Amino acid sequence: MHENSRGFVVVVDDDPELRSLLVDHLSAEGYFVREFSDGLAALKFLNSSDPETDQVELVISDLKMPDLDGLSLLNNLRPKHPELPVILMTAFASVESAVEGLRKGAFDYLTKPFRLKEISHIVERAVLVARLRKQNKILSHAVKKKWSVNEVLGKSQAMQNVFDMVSRVAASSSSVLISGESGTGKEVIAKAIHKQSARSDKPFVAINCSAIPESLLESELFGHVKGAFTGAAVDKAGLFDEADGGTVFLDEIGDMPMSLQAKMLRVLQEREIRPVGSTQSKPVNVRVLAATHKDLRQAIGEGNFREDLYYRLAVIPILIPPLRHRPEDIPLLANYFLHKYSALNDSRVTAITPTGMQKLMALQWPGNVRELENLIERLVVMTPHSVIQEGDIPAANSDGFESFFGQATTHWPTLEALEKRYMQLILDKTGHKKERAAQILGINRRTLYRKEREFGFVSQDSIDNECAEDEQI
């Protein structure tokens with residue numbers, strides 16, 4: 001019935017004339033449409049056990065209706081259909097209610113009278129987003145089931161070895177030292193060990209040893225008693241107390257001051273802590289996991305890390321390989337992030353060309369998985385077409401927009417010249433899609449048309465034609 005349609009849309013409106021107009025227009029554009037004259041009937045269908053409801057990809061509902069209005073319909077749909085896009089239609093006087101709908105999860109709203117071209121554009125985008133969300137959910141489940149451990153993805157043998165180590169060490173209480181470059185996912189691996197352990201129902205407390213001043217780190221870890229130092233007005237528990245029964249994760253352990261390393265060694269040996277300013281020690285029941293991007297053996301040789309502490313921490317060492325050493329993981333990761341951020345940003349970007357993927361696999365990725373994720377998110381937002389091309393991916397030495405601003409200020413251009421260059425860059429990046437370019441620039445489309453004419457980007461005739469297309473149908 002609707003298998004070969006462009007999408008399954010439900011239209012809800014108590015105005016028969018407007019409802020008929022929408023149904024006819026969407027049907028003519030290839031959509032399969034179910035119509036309802038009131039919200040209660042629509043809700044009954046959408047929340048029923050009818051298998052057809054699982055195929056609905058968009059709901060377009062009037063805001064003002066008797067019995068059950070558009071906002072109530074939206075609220076009642078959310079428990080069973082949290083990902084289903086809903087577009088609300090409203091008269092201009094009720095825009096505040098429509099905006100309230102956006103806050104409650106509506107995909108978009110339309111003010112009456114609306115242009116049919118506007119309807120077509122929003123419906124196409126909403127159906128695409130619905131499909132991306134569904135695909136992302138399916139893909140995420142499949143990928144995580146086969147190629148992941150606690151949000152860390154990898155099909156390479158090196159990562160499979162890491163996953164195997166996580167599974168084997170989780171059941172023990174031994175200390176684990178996780179090594180790897182920044183951005184490889186050391187903390188996520190630590191969380192995976194905790195979640196698979198018998199301590200999973202207890203706290204996981206993480207602390208970055210390089211992010212806290214040396215003078216405060218001991219107090220943060222072990223707590224302090226009243227009067228221990230200036231400002232210590234009351235007793236304060238430390239992170240080891242907070243993690244009682246659970247896991248303490250010491251990130252960047254290689255940056256821990258030497259003076260504190262001796263005290264940490266005592267904690268690992270005696271399983272007890274002494275708050276700052278106290279003369280009494282107290283037992284603690286925690287598992288210690290640590291991570292570092294440094295070569296601790298080299299640090300030992302340089303006198304910057306205690307050898308005895310190293311062996312206490314590295315009872316079980318786990319090394320996470322950098323992304324450049326496992327390029328076979330890049331397509332898996334890139335596609336996972338692509339679907340994730342396409343759904344989050346309501347984007348029409350759905351794929352990466354084979355040559356584009358080859359370029360990603362050839363890059364060095366000094367920032368590892370974190371850098372790849374950031375790049376894919378940026379490409380999803382900025383790429384003007386539905387497939388990421390090789391040319392969209394910056395070269396290893398490219399700074400993207402940062403390089404533009406750096407070059408733009410080299411010769412101290414005027415504001416007008418800088419505005420012209422920036423507007424041209426945005427138009428090029430968006431494939432000259434005026435609506436998207438105007439959104440990025442923070443101006444309306446008519447202002448964009450005027451600027452294009454002033455800067456000589458287009459002729460007056462083409463501007464007039466585009467403005468005419470914006471008129472209501």
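**Notes on helix packing in this model**

1. Helices α13 (residues 330-344) and α15 (residues 368-382) have axes that come within 9 Å and cross at roughly 45°. That makes α13 oblique to α15, since angles under 35 degrees count as roughly parallel, over 145 as roughly antiparallel, 65 to 115 as roughly perpendicular and the rest as oblique. The crossing is right-handed.

2. A quick word on the source: this is a predicted model, where local features need pLDDT of at least 70 and side-chain atom pairs count only at pLDDT 80 or more, while totals for chains, interfaces and linings use all residues. Residues are numbered from 1 along each chain as its sequence is written, and side-chain values use heavy atoms, with hydrogens and water left out.

3. Who touches whom here? On the α13 side, the contact (heavy atoms within 4.5 Å) includes Leu-333, Phe-337 and Tyr-341. From α15, Leu-372, Ile-376 and Val-380 are among the partners.

4. α13 also packs with helix α14 (residues 354-362), at an angle of about 115° and with axes 10 Å apart. Ile-330, Pro-331, Ala-334 and Asn-335 in α13 meet Met-357, Leu-360 and Met-361 in α14.

5. Now look at α10 (residues 258-270): its 13 residues reach 19 Å from first C-alpha to last, close to the 18 Å expected at 1.5 Å a residue. Its buried residues (under 20% relative accessible area, 1.4 Å probe, protein chains only) are Leu-260, Gln-261, Met-264, Leu-265, Val-267 and Leu-268. They cover an arc of only 160° around the axis, so they sit on the same side of α10.

6. Just after α10, check Arg-271, which takes a positive phi of about 55°.

How values were computed. Helix = DSSP H or I, 4+ residues; strand = E, 2+ residues; numbered from the N terminus. Expected span 1.5 Å × (residues − 1). Buried < 20%, exposed > 50% of the residue type's maximum accessible area, 1.4 Å probe, protein only. Arc of directions from axis to C-beta. Axes fitted to C-alpha atoms, helices over the stretch in contact; angles between N-to-C directions. Left-handed = near helix turned anticlockwise from the far one by under 90°.
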